[in-house]
Amino acid sequence: MSSSRGRFGIHGGQYIPETLMNAVIELEAAYDRYKDDPDFNRELNALLNDYAGRPSRLYYAEKMTRDLGGAKIYLKREDLNHTGAHKINNVLGQALLAKRMGKTRLIAETGAGQHGVATATAAALMGMECVVFMGEEDTKRQALNVYRMKLLGSEVVPVRTGTATLKDAVSEAMREWTRRISDTHYCLGSVMGPHPFPTIVRDFQSVISREIKEQLLEKEGRLPDAVIACVGGGSNAIGSFYHFINDESVALIGCEAAGRGIDTFETAATVNTGRLGIFHGMKSYFCQDEFGQIAPVYSISAGLDYPGIGPEHAHLHDIGRAQYVPITDDEAVEAFEYLAKTEGIIPAIESAHAVAYAKKIAPTMGKDRIIVVTISGRGDKDCAAIARYRGENINE
Amino acid sequence: MNRIKSAFENGKAFIPFVTCGDPDLETTAKVVRAAAANGADLIELGIPFSDPTAEGPVIQGANIRALSGGVTTDKIFNLVRSLRTDVKIPLAFMTYANVVFSYGAERFISTCREIGIDGLILPDLPFEEREEFLPLCRKYGVALISLIAPTSENRIAMIANEAEGFIYVVSSLGVTGMRNEINTDIGSIVKVIRENTDIPCAVGFGISTPEQAAKMSALSDGAIVGSAIIKIIEKYGRDSAPYVGEYVKSMKEAMLAQK
């Protein structure tokens with residue numbers, strides 16, 4: 001059994017080509033140097049507050065709570081951040097770190113386009129070159145985000161290999177990094193890939209749970225009973241969970257994209273349908289066939305359409321600290337529409353997976369219970385696709 | 001420890017790579033026999049993977065063709081069993097960590113020994129993760145091949161010190177594929193390797209012409225060629241064996257002519 005760096009239980013590690021080893025070692029050293037550096041943190045916090053709009057609001061969804069008739073529901077409004085999703089938290093941190101390392105160019109993968117837009121934004125702000133890899137299928141599903149990235153001065157490379165979705169965008173970004181390392185930082189968007197990415201991204205996203213804890217303490221004087229977030233690679237989920245991991249009374253629930261159902265092949269629910277494997281630099285759970293070929297996964301959500309899950313989530317699942325539940329396309333779309341009508345909030349279709357599960361469990365819980373649902377992003381980008389799903393054609 | 005040493009006993013070693021099952025296993029068998037008959041000293045047999053992150057477009061294409069033709073790890077094991085009735089040169093598998101891990105590492109590596117596979121090359125298994133498979137490779141006498149890259153620098157000595165079989169020197173940054181020029185200072189990488197081990201080293205990535213093979217093997221103990229062979233197979237399909245044989249012959253001759 002391997003015991004290399006960056007392990008979460010048996011998961012994690014650094015399964016990458018030798019060409020990239022010194023790059024990740026250099027990144028780890030830089031991160032260790034700057035993570036507690038006062039200047040670095042002052043600069044990052046100023047950006048998070050004044051540029052990204054933190055802290056994000058913790059909103060009591062009173063109508064939804066009344067309508068469901070059970071637990072009190074709070075929404076953590078990451079959708080209100082600059083660029084419209086939680087992704088900016090991580091990107092500002094990594095871009096600052098890359099600058100400190102003397103890098104002048106950022107590359108990134110993107111699924112729904114939110115991480116790509118956030119990276120393009122940070123690159124524009126900090127005067128860095130930026131190239132975003134995006135599955136060709138996703139460039140069609142998320143055409144608006146492609147335009148936004150270009151508007152921000154970034155190059156967008158459509159990836160045509162494999163299933164032309166998020167996993168292929170990650171593969172292509174890794175290939176590009178092996179081509180050009182000296183001036184380039186790979187700004188990975190989720191808590192996945194080789195060490196130290198799962199740790200770095202988690203740390204930058206953990207601001208979400210730190211704020212939830214403070215804000216709920218102020219409003220309710222106590223901890224929540226459950227925190228619910230959607231999981232693809234799992235960055236908004238780990239950010240929402242992190243400061244509650246040692247609070248055993250808080251249930252941590254990750255919502256996976258079940259696509260057309262976990263009993264079909266058209267699913268992306270990794271914990272529910274995958275098994276242990278090694279891919280994209282990490283040991284974790286992956287959707288794969290009996291010979292280890294990675295499965296062509298499916299979800300209506302481009303951001304959750306990934307055949308793996310971050311290694312820390314895999315570990316939290318193994319030890320029973322977090323629970324990972326499947327949510328189908330139908331349930332997510334229904335929740336997308338529900339939150340729009342009930343609270344006047346249009347969530348990202350990714351986040352709608354978390355809303356869908358809150359709808360299921362809130363009525364089963366007492367009125368003295370509290371659920372926090374992370375709305376990881378806003379849903380403007382999804383409107384055209386959801387309209388199509390409902391048989392309506394609109395021009396973007 | 002196994003046959004690999006013999007690959008480096010006929011002058012500089014020429015090491016062709018072929019993706020098993022591209023376009024089908026019968027063609028792979030013919031190509032391997034043609035390469036062996038025309039001077040290949042060791043053959044790398046690629047087990048295709050759905051998402052080969054270290055490969056350029058040419059070998060990615062071969063992986064897709066092979067997998068869509070229905071090739072599996074078990075079918076490739078059977079191919080090797082049948083090849084081993086007459087092919088005597090060393091053979092190594094080139095694949096990705098998940099193919100080995102998912103099959104069950106011990107089941108995979110013990111089968112390698114049983115069918116006559118001498119080495120295992122896993123581009124996504126760096127030095128730091130070698131414990132994943134190294135104990136089993138040692139148990140079954142299969143050499144776990146180490147890779148050294150242009151960016152390895154301070155890591156070369158550490159990797160060379162524990163290397164087995166041969167060392168795969170990655171000639172260039174980036175993924176596999178043909179290149180017009182190789183700019184890495186291979187000579188100085190090999191110098192550090194030689195200071196740390198007696199194990200032979202062969203250069204791969206980007207080599208396609210006899211001139212490049214001669215030049216790279218002059219700096220090391222051999223040359224590895226993948227994409228250029230896959231290109232021939234892509235062009236001639238089921239009829240590619242004689243063309244690959246001819247190509248292997250021209251490469252080996254150019255390497256032998258190099259003084």
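Biologist: Hi! How many aromatic pairs does a search of the whole structure find?
Modeller: Over all chains, the search finds 18 aromatic pairs. Keep in mind that this is a predicted model.

Biologist: Okay, pick one for me. How are B:Phe8 and B:Phe166 arranged?
Modeller: Those two rings form a tilted pair, with 5.9 Å from centre to centre and 45° between the planes.

Biologist: And where in chain B do the two residues sit?
Modeller: The pair links distant parts of the chain, 158 residues apart. B:Phe8 is in the segment before β1 (13-19), while B:Phe166 is in the loop between α7 (156-161) and β7 (167-170).

Biologist: Is B:Phe8 buried or exposed? What about B:Phe166?
Modeller: B:Phe8 is buried, at 16% relative accessible area. B:Phe166 is buried too, with a relative accessibility of 0%.

Biologist: Now the tyrosines: why does the pair B:Tyr236 and B:Tyr243 count as stacked?
Modeller: Their planes are at 5°, and stacked means under 30 degrees, so the pair qualifies. The ring centres are 3.6 Å apart.

Biologist: How accessible are B:Tyr236 and B:Tyr243?
Modeller: B:Tyr236 is partly exposed, with a relative accessible area of 28%. B:Tyr243 is also partly exposed, at 35%.

Biologist: Changing topic, which residues do ring pairs link into a cluster?
Modeller: That cluster holds A:Phe291 together with B:Phe77, B:Phe93, B:Tyr103 and B:Phe108.

Biologist: What lies over the face of B:Tyr103?
Modeller: B:Arg107 does, at 3.8 Å from the ring centre.

Biologist: And over in chain A, which ring does the charged end of A:Arg100 sit over?
Modeller: The ring of A:Tyr34, with the charged end 5.5 Å from the ring's centre.

Note on methods. Residues are numbered from 1 along each chain as its sequence is written. Chains are lettered from A and ligands numbered from 1 in the order in which they are written. This is a predicted model: local features need pLDDT of at least 70, side-chain atom pairs count only at pLDDT 80 or more; totals for chains, interfaces and linings use all residues. Side-chain values use heavy atoms; hydrogens and water are left out. Rings of Phe, Tyr and Trp (its six-membered ring) pair if their centres lie within 6.5 Å; planes under 30 degrees apart count as stacked, over 60 as edge-to-face and the rest as tilted. Helices (H or I, at least four residues) and strands (E, at least two) are DSSP runs, numbered from the N terminus. Buried means under 20% relative accessible area, exposed over 50%, partly exposed in between (1.4 Å probe, protein chains only). A charge sits over a ring if NZ of Lys or CZ of Arg is within 6 Å of the ring centre and within 35 degrees of the ring normal.
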